[in-house]
Amino acid sequence: MTRPNFFAFPSRWLGLVAGSLLGLVFTHAAADGAKVYQSTCAVCHATGVAGAPKLGDRKAWAPLIEEGQAILTAHGYVGVRGMPAKGGKPDLSVEDFAAAVVQIVNASGGKWSEPDAKGLAAIRTEIVKREKELAGGQGREVTGGLGRG
């Protein structure tokens with residue numbers, strides 16, 4: 001007669017629960033980007049208010065996408081040209097802002113993924129760099145790209 005393995009069931013159950021929770025985390029992150037876009041970004045990017053590139057306008061977004069995820073996200077987060085910092089929502093986290101940028105870019109011809117820890121670190125580094133440039137009076141000239149103007 002074989003004895004039941006009491007450790008097998010909890011291990012399988014734990015794996016199932018962990019996998020389900022991980023799926024919820026990734027679904028939640030993707031939903032946050034869409035939610036942030038709808039609640040904050042769409043105010044300008046749906047219609048092009050103040051020269052904002054419109055969602056889905058591949059031609060307008062192409063040079064911005066080429067600047068790279070860290071630069072585009074960081075410069076938008078700090079504010080650029082007519083765009084206020086954090087899209088005008090002072091309590092917006094870097095993570096939620098980055099998720100919204102991914103939504104916009106992917107709807108406008110890009111193929112970006114949610115930034116991982118390394119990507120978020122690069123974005124934060126770029127935010128600090130950009131804030132220093134702006135504090136020193138540099139970087140206000142408009143050169144055609146969202147991340148440079």
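Me: Helices (H or I, at least four residues) and strands (E, at least two) are DSSP runs, numbered from the N terminus. How many helices and how many strands are there in the protein?

Reply: There are 5 helices and 0 strands. Along the sequence, the pattern reads α-α-α-α-α. The model is predicted, with local features needing pLDDT of at least 70 and side-chain atom pairs pLDDT 80 or more, while totals for chains, interfaces and linings use all residues. Residues are numbered from 1 along each chain as its sequence is written, and side-chain values use heavy atoms, leaving out hydrogens and water.

Me: How do you know that the length of helix α4 agrees with its number of residues?

Reply: Compare two spans. The expected span of a helix is 1.5 Å times one less than its number of residues. Helix α4 covers residues 94-106, which is 13 residues, so it should span 18 Å. Its end C-alpha atoms are 18 Å apart, and the two values agree.

Me: Which residues of α4 are buried?

Reply: Buried means under 20% relative accessible area, exposed over 50%, and partly exposed in between (1.4 Å probe, protein chains only). In α4, the buried residues are Val94, Phe97, Ala98, Ala99, Ala100, Val101, Val102, Ile104 and Val105. Across the 149 residues of the protein, 32% are buried.

Me: Why is α4 called roughly perpendicular to α5?

Reply: Look at the axes, which are lines fitted to C-alpha atoms, for helices over the stretch in contact, with angles from 0 to 180 degrees between N-to-C directions. The axes of α4 and α5 (residues 117-135) cross at roughly 105 degrees and come within 11 Å. Angles of 65 to 115 degrees count as roughly perpendicular, under 35 as roughly parallel, over 145 as roughly antiparallel, and the rest as oblique. So α4 is roughly perpendicular to α5.

Me: Which residues make the contact between α4 and α5?

Reply: Contact means heavy atoms within 4.5 Å. From α4 come Val94, Glu95 and Ala98, and from α5 come Leu120, Ile123, Arg124 and Ile127. Of these, 5 are nonpolar, none is polar and 2 are charged. Here nonpolar covers Ala, Val, Leu, Ile, Met, Phe, Trp, Tyr, Cys and Pro, charged covers Asp, Glu, Lys and Arg, and the others, Gly among them, are polar.

Me: What makes Glu95 and Arg124 a salt bridge?

Reply: A salt bridge needs a side-chain nitrogen of Lys or Arg within 4 Å of a carboxyl oxygen of Asp or Glu. For Glu95 and Arg124, the closest N and O atoms are 2.4 Å apart, so the pair meets the cut-off. Glu95 sits in helix α4 and Arg124 in helix α5, 29 residues apart, so the pair links distant parts of the chain. Both ends are partly exposed: Glu95 has 36% relative accessibility, and Arg124 has 35%. Side chains of opposite charge can pair when their charged atoms come close.

Me: How many salt bridges does a search of the whole structure find?

Reply: The search finds 2. Glu133 and Arg130 also meet in a salt bridge, at 3.2 Å from N to O. They are 3 residues apart in helix α5, which means about one helical turn separates them. Glu133 is partly exposed, because its relative accessible area is 21%. Arg130 is buried, because its value is 2%.

Me: Why is Trp61 called buried?

Reply: Its relative accessibility is 3%, so Trp61 counts as buried. Trp61 lies in helix α2 (residues 58-66).

Me: Is Ile65 buried or exposed?

Reply: Ile65 is buried, because its relative accessible area is 16%. Ile65 is also found in helix α2. Leaving aside neighbours within four places in sequence, Ile65 contacts Val105, Ser108, Gly109, Gly110 and Trp112.

Me: What is the phi of Ala50?

Reply: Phi of Ala50 is near 55 degrees, a positive value in a residue other than glycine. Most residues other than glycine have a negative phi. Ala50 sits in the loop between α1 (8-45) and α2. Ala50 counts as exposed, because its relative accessibility is 64%. Lys86 also has a positive phi, near 55 degrees. Lys86 lies in the loop between α3 (69-78) and α4, and is partly exposed at 24%.
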